[in-house]
Every structure is written in structure tokens, then in C-alpha cells.
Amino acid sequence: ATPWNANAEGGDGMAPNAQILFQDIGADCLYLDDYAATLLQARDGGAHIHNNSWGAGTGSVYTGYDFDADDTTWLLEDLLVVASAGNRDEAFAAIGSPGNAKNALTVGALLHGGDACPATLYTTNNQWGSSIGPGTGWRDKPEISAPGVATVSAAGDDASVGSEEPALTKALSGTSMASPTVAGGAALMRQYFAEGRYPRGSARTGDRLNLLAATLKAAVVNSTGELINSFIGEARLPSYITGWGRMQLDRD
């Protein structure tokens, strides 16, 4: 299903019919004792893309979370870690962890906007503003941006557990919403290659390719549409604010 299909629904998400493995780390205290084991568990369960809509506000300092992301994805070459940049637009070099990991695809948040209203950096207020890079060692972070304002998501409670009522949802904002947008886009990109649609555009058995995470990351970043930033005009590419720009997988 796609947004313009008659059977599309608001809860279909970025990658309809994708298989999802959900790991719950709690609602009140987002802390992981063993992040590497979390990534390993996900890959053992069949996941190739791991979204991280959480993070530690480490101010672009390389921490154990970042090491775990890099070390684990070095061992598991087909696991792409997608991470939210954080929500501290008032500070320079404020990327959170595991978004400082070299191998992670770190995501900034944008306002919504189409051709008639180009997307701009999401800076509604300081509390939810997208964190600015660079990352550890002046690494270019974030690498990519996606809409992250008033995104309909799960409500994050257990009120509907055991109930036949539809799951509760609510509109949320921040890089935690932009990150799964990119993760879903990465899933579509991976499917495109896995079905053998590259380079001819139609599925061919002989063209099927299971991408390594580094190749998938490069393909997604290469899809970006350039942004003009409201703070600094035409930004250098990549920008420490929006990365290489907005994800746009269907661009020519």
C-alpha cells in the first residue's frame, strides 16, 4: 500500500507489511545495561534495520553506547543502526548517543513540507529542536533529516493490552519521530535491492542483492534532497544541522 492507494490507512507507516521486532526498554527510565546484546538479539530475530528513538544526551561525546553500535555492526555487517540525533537545538555539538557512532545513520528532524513548502529545520522551540552536530571528532552528524513534527505514533502505554479496541495513538514531535521515518525508508530501499529491482527497475531474480549495512546507509543518504537552512542560508554539504538533506527516496 502507498499513501495514494484506496486501501491505505493512516497507521500503515513508512513500510507497510514490513515484519517488526519490538524491543521494550521502558517508558520512565530509558537505560540499557547491554546495548550490544540488544542489537545482537534483534539481528538474531531476523532484523536488518534497528531504529533507536532514544538516546543519552552526551553532547557529541563518544560513549559506550556508540562503541557498542560500532563494534556490533562491525561484526554484523548487514545490520543498519538508525539513531535519533537528539532534541537540543540550542547547543552546538549536541548529538546524543548512540547517534555519535561512526556506523550509525543519525537523523535530524524537519518540519513537514512538500514542493510548495520546502522542508526547513524543525526549530519550533528549544525543547524539541533537532540537535546540531558535529559528532565526536568533528564527524559529520546528523547524516540525514526527515519530518518529525506532529507525527502520529503509538501512545506508549498499556491501556489497550488485552483489549479488542484499536491501539491508542497520539501525535508526537522530535528526532524520535524522524528516526523511524528514515528506518522505514531504509526498509523500502533494502527491499528494492533484495527483490532485484536495481538497476532495471523491475524485479529480476539474477539482480537480487542483500545489501551490507554500509551500502544501504550510503544509498539512503544518496537519496537526499538539498535543503536551504533558515539559520545559515545555503548550507555546506553535509551541514551539521540537516546533514546531507531530507530523505527523498523517489527522487530522479
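Everything here comes from a predicted model.

**View 1**
Zoom in on S1 and strand S2 (residues 80-84), and you find a parallel pairing over 4 bridges.

Now bring in helix H3, which covers residues 175-194.

Is Thr175 buried or exposed? With a relative accessible area of 0%, Thr175 falls under the 20% limit and is therefore buried. Its side chain reaches the backbone nitrogen of Gly86 at 3.1 Å. Setting aside neighbours within four places in sequence, Thr175 touches quite a list: Ser84, Ala85, Gly86, Asn87, Val107, Gly108, Ala109 and Ser130.

**View 1. Where helices H1 and H2 cross.**
This view pairs helix H1 (residues 35-44) with helix H2 (residues 64-75), whose axes come within 8 Å and cross at roughly 35°. The crossing is a right-handed one. Which residues do the meeting? From H1 there are Tyr35, Ala36, Leu39 and Leu40, and from H2 there are Tyr65, Asp68, Ala69 and Thr72. Sorted by class, this contact has 6 nonpolar, 1 polar and 1 charged residues.

**View 2. Lys217 in helix H4.**
Next comes Lys217, which sits in helix H4 (residues 213-221). The relative accessible area of Lys217 is 15%, under the 20% cut-off, so this lysine counts as buried. What does Lys217 contact once neighbours within four places in sequence are left aside? The partners are Leu80, Lys102, Asn103, Ala104, Leu105 and Glu143.

**View 3. Two cis peptide bonds.**
Ser97 and Pro98 are joined by a cis peptide bond, with omega at about 15°. You will find Pro98 in the loop between S2 and S3. The other cis bond runs from Lys141 to Pro142, and its omega is near -10°. Pro142 belongs to the loop between S3 and S4.

Asn17 has a phi near 75°, a positive value in a residue other than glycine. Asn17 lies in the segment before H1. Its relative accessibility is 79%, over the 50% mark, so Asn17 counts as exposed. Ser60 is not a glycine either, yet it has a positive phi of about 65°. Look for Ser60 in the loop between S1 and H2. At 9% relative accessibility, Ser60 counts as buried.

**View 4. Gly46 and Leu79.**
Gly46 is placed in the loop between H1 and S1. Gly46 counts as partly exposed because its relative accessibility, 41%, falls between the 20% and 50% limits. How far apart are Gly46 and Leu79 in space? From C-alpha to C-alpha the gap is 9.7 Å, while in sequence the two are 33 residues apart.

**View 5. Stepping back to the whole chain.**
Finally, zoom out. The protein chain has 4 helices and 8 strands. Read along the sequence, they follow the pattern α-β-α-β-β-β-β-β-α-α-β-β. Of the 252 residues in the chain, 42% are buried. Take the contacts between residues at least 6 apart in sequence, and 70% of them join residues at least 24 apart.

Terms used:
Residues are numbered from 1 along each chain as its sequence is written. This is a predicted model: local features need pLDDT of at least 70, side-chain atom pairs count only at pLDDT 80 or more; totals for chains, interfaces and linings use all residues. Side-chain values use heavy atoms; hydrogens and water are left out. Helices (H or I, at least four residues) and strands (E, at least two) are DSSP runs, numbered from the N terminus. Buried means under 20% relative accessible area, exposed over 50%, partly exposed in between (1.4 Å probe, protein chains only). A polar contact is a pair of N or O atoms within 3.5 Å; within protein, one must be able to donate a hydrogen and the other to accept it, and residues adjacent in sequence count only if both atoms are side-chain atoms. Contact means heavy atoms within 4.5 Å. Axes are lines fitted to C-alpha atoms, for helices over the stretch in contact, and angles run from 0 to 180 degrees between N-to-C directions. A crossing is left-handed if the near helix is turned anticlockwise from the far one by less than a right angle, and right-handed if clockwise. Ala, Val, Leu, Ile, Met, Phe, Trp, Tyr, Cys and Pro count as nonpolar, Asp, Glu, Lys and Arg as charged, and the others, Gly among them, as polar. Two strands pair if DSSP finds at least two bridges between them.
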